[in-house]
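Subject: Handover of a structure, with notes

Dear colleague,

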Amino acid sequence: MQPFYQPREVDLQIGVLTREFTFPPHLHAHVELAHAFSGPLVMWIDGTEWELQQGDTGIAFSHCAHAYQGGGEGLMLIFPPEISLDYGRVLRTGRCMHPVLRARDAHKDIPAMMRAVLVENQNARSKTALRAYIQVILARLIPALNPEKDSGEGERGLLYDVMRYLGEHFDQPLTLDALSRALGVSKYHLSHLFSERLGMNFRSYLNALRVERARLLLTSTASPITQICYECGFENQRTFNRAFLAACGITPTRYRESGGR
């Protein structure tokens, strides 16, 4: 199955993984980390299936396709690579041949910090504390995994620049030619990047970003749908309705009426 791009609306997301939890292959600019409280927690990372037993930790670096197939219970952390001053670059452009750290090889700080994250997320949920816990986890995890410099670092770095630029400008009139000029890269190279790394063309990716923002505005504001259409970068209501229906299987009006369900 071709991975899809999943926009991230928040900087830090904490989630509890259950035995029934599954999620199809996807990728994003954030880092995704999973720790198994019980196993086997099945995680698919960059084309390989891994079984995480109790105490094991798996990580998908920025722009690395990953998925979950259930089976165990655990904790999921999703955060931007820039959360770490020490490992931000390797999290953004590196890769691991073996992205799972087994419990027997893990420093005792990792399970301790995972439990601390779980408790903090359930109670006070201080972002400062959560970020500090993640810093300790990364300090113990990354050196143990011994990540390599990605042989395709230039390609992955370009993908990161594309995602960042479009994330900042998706609400403006954009074309592949305009993106090419902004980044100083051939539009044919960019077209190949979209199809090979994201499994979609430029226009589909841009619409996905716009629809994701529209979904948020439809359920969190009382703004007229026509206004939301233009705020998200669509050129007219017809294009907006068509893109939204294709992505969500429902019209913007029905989506708002349903409360986003």
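The notes below cover helix packing and then a few single residues.

Please keep in mind that this is a predicted model, in which local features need pLDDT of at least 70 and side-chain atom pairs count only at pLDDT 80 or more, whereas totals for chains, interfaces and linings use all residues. Residues are numbered from 1 along each chain as its sequence is written, and side-chain values use heavy atoms, with hydrogens and water left out.

Helices and strands are DSSP runs numbered from the N terminus, a helix being H or I over at least four residues and a strand being E over at least two. Two packed helices are described by the angle between their axes and the distance between the axes. The axes are lines fitted to C-alpha atoms, for helices over the stretch in contact, and the angles run from 0 to 180 degrees between N-to-C directions.

The pair α2 (residues 109-122) and α3 (residues 127-145) packs at about 160 degrees, with the axes 9 Å apart. That makes α2 roughly antiparallel to α3, given that angles over 145 degrees count as roughly antiparallel, under 35 as roughly parallel, 65 to 115 as roughly perpendicular and the rest as oblique. In contact, meaning heavy atoms within 4.5 Å, are D109, I110, M113, M114, A116, V117, E120 and N121 of α2 with A129, L130, Y133, V136, I137, R140 and L141 of α3. By class, this contact of α2 with α3 has 11 nonpolar, one polar and three charged residues, where Ala, Val, Leu, Ile, Met, Phe, Trp, Tyr, Cys and Pro count as nonpolar, Asp, Glu, Lys and Arg as charged, and the others, Gly among them, as polar.

Helix α3 itself has 19 residues and spans 26 Å from its first C-alpha to its last, close to the 27 Å expected at 1.5 Å a residue, the expected span being 1.5 Å times one less than the number of residues. Its buried residues are A129, L130, I134, I137, L138, L141, I142 and L145, where buried means under 20% relative accessible area, exposed over 50% and partly exposed in between, with a 1.4 Å probe and protein chains only.

Just after α3 comes N146, in the loop between α3 and β12 (148-149). The phi of N146 is near 55 degrees, a positive value in a residue other than glycine, and N146 is exposed, with a relative accessible area of 60%.

The axes of α7 (residues 202-220) and α9 (residues 237-248) come within 10 Å and cross at roughly 90 degrees. Their contact is made by N207, V211, A214, R215 and L218 of α7 and by F240, A243, F244, A247 and C248 of α9. For α5 (residues 176-183) and α6 (residues 187-198), the axes come within 9 Å and cross at roughly 110 degrees, and L176, D177, L179 and S180 of α5 meet K187, L190, S191 and F194 of α6.

Elsewhere, a cis peptide bond with omega of about -5 degrees joins G39 and P40, and P40 lies in the loop between β4 (31-38) and β5 (41-45). Finally, A246 belongs to helix α9 and is exposed, with a relative accessible area of 69%.
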